Amino acid sequence: MFGLPRLLFNEEHELFRQSVKEFIAREITPYNSEWEKQKMVSRESWLKLGENGFLGIQAPEELGGMNIQDFRYNAILIEELGLSGCSGPAIGYPLHSDIVMPYILHYGNEETKKKYIPKMVSGEYIGAIAMTEPGAGSDLQGMRSTAIDHGDYYLVNGSKTFITNGYLSDVVVVAVKTDPSKGAKGISLIVLDNSMEGYTKGVPFEKVGLHAQDTCELFFEDVKVPKENLLGKEGDGFKYLMHELAQERLVVSLAAIALGEYMLQATVEYVKQRKAFNKSISDFQNTRFKLAEMTAALEQGRIYCDQLVILHNDKLLDPAMASAAKYNMTELQCKVADECVQLHGGYGYMWEYGVARAYADARVQRIYAGTNEIMKELIARKILK
Ligand SMILES: Cc1cc2nc3c(=O)[nH]c(=O)nc-3n(C[C@H](O)[C@H](O)[C@H](O)COP(=O)(O)OP(=O)(O)OC[C@H]3O[C@@H](n4cnc5c(N)ncnc54)[C@H](O)[C@@H]3O)c2cc1C
């Protein structure tokens, strides 16, 4: 990479970046392989992130956070996790802070916030978000899980699948139908926690990639959920999802570009030392051109992502822009992954090589947070309206 100056960050951001970098080198990178075997990160790692102030930095001080409303800090955390090549942590930790916590912070009542946010900031509680069901992924409105009003409580029944952080999670924001007759307008968001009877989890799935990341099913059988655990208003859940999904898609884009940069860097180092036909692999024109093409594309993506972070800070990032970013950056990440594996030859297919892992980990980025086909629908909807 050229090391383009990053105009959006000031000295304070860079100091924060340095502390994040050091933390990752000390507490994450050395454990990633072990976590991959365990199919999840350690609970201890969550507590360490909390101790160091790296979870939920946007939460108000009275709830344990630092009240940092500057998304550039969140972006630095995502970026540095991505640059470390530890894709599982790069997805799971930001999901907790930048995807799950905002629902509780923006739509939870005071009681719910006090109950969950301080422990999510400290890392004692791990968060997840459950929208997808076995029969409803892209078509969220087709969900069948219900939360039926029983006076003092909601009775929740149904199941969710593919839930990131699911197995380790203590708190989960669940999308349910409070009025199954109303389609999108019958969807609400409600917070469940592990103390609730009737709420159980499956074992972590065997996935193609993202091995250091627990993804599982959740089951709800007559779970009594206190009324105050409803987020916002009954029937407004779909609206909240559409609003918050913009940040979720930006988070995925930021992870995608950083993981792309990680793969390119690893490949540059590899081709300089690998020899064939008495030459360094980096002497072949094909290698040089591929590296040049990837560098040019990633530099363009980096500037694009920086601009999106600035827009998001100014509350100008709309859902279609976020969808375009998610589509663009995850397609680029997967293309880079494929080229980098190719330039590694057979070694690129061996798990001990970072690019092999990054290749396997990249693929799902085009699927979750809304598939890239759905992203294109959302973009088209905006330009054709
Ligand atoms: C590792 C992993 C982690 C995940 N984490 C979470 C999580 O934390 N929380 C959560 O709620 N969900 C999570 N998901 C679920 C993910 O968001 C869904 O898998 C995704 O939205 C697609 O839904 P689906 O799997 O049901 O596929 P389907 O909706 O069945 O789609 C199948 C194919 O049809 C295409 N398709 C569907 N509708 C259209 C259309 N209208 N136009 C064109 N093409 C279409 C899709 O693009 C796709 O190619 C995760 C998934 C994975 C694999």
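I count a polar contact as a pair of N or O atoms within 3.5 Å; within protein, one must be able to donate a hydrogen and the other to accept it, and residues adjacent in sequence count only if both atoms are side-chain atoms. The model is predicted: local features need pLDDT of at least 70, side-chain atom pairs pLDDT 80 or more, while totals for chains, interfaces and linings use all residues. Residues are numbered from 1 along each chain as its sequence is written, and side-chain values use heavy atoms, without hydrogens and water.

A side-chain N or O atom of Thr371 lies 2.7 Å from a ligand oxygen. A polar backbone atom of Met131 is 2.7 Å from an oxygen of the ligand. For Phe162, a polar backbone atom is 2.7 Å from a ligand nitrogen.

Next I checked cover. Alone, the ligand exposes 970 Å², and the protein buries 64% of that (Shrake-Rupley method, 1.4 Å probe).

Then I listed the shell. I find 17 residues around the ligand, each with a heavy atom within 4 Å. Among the closest are Ser138 and Glu373. Strand S3 (153–164) gives three residues, the largest share. Strands here are DSSP runs of E, at least two residues. By domain, at least three residues come from each of domain 2 (128–234) and domain 3 (238–383), with bounds from an automatic or database assignment.

Technical notes. Helix = DSSP H or I, 4+ residues; strand = E, 2+ residues; numbered from the N terminus.
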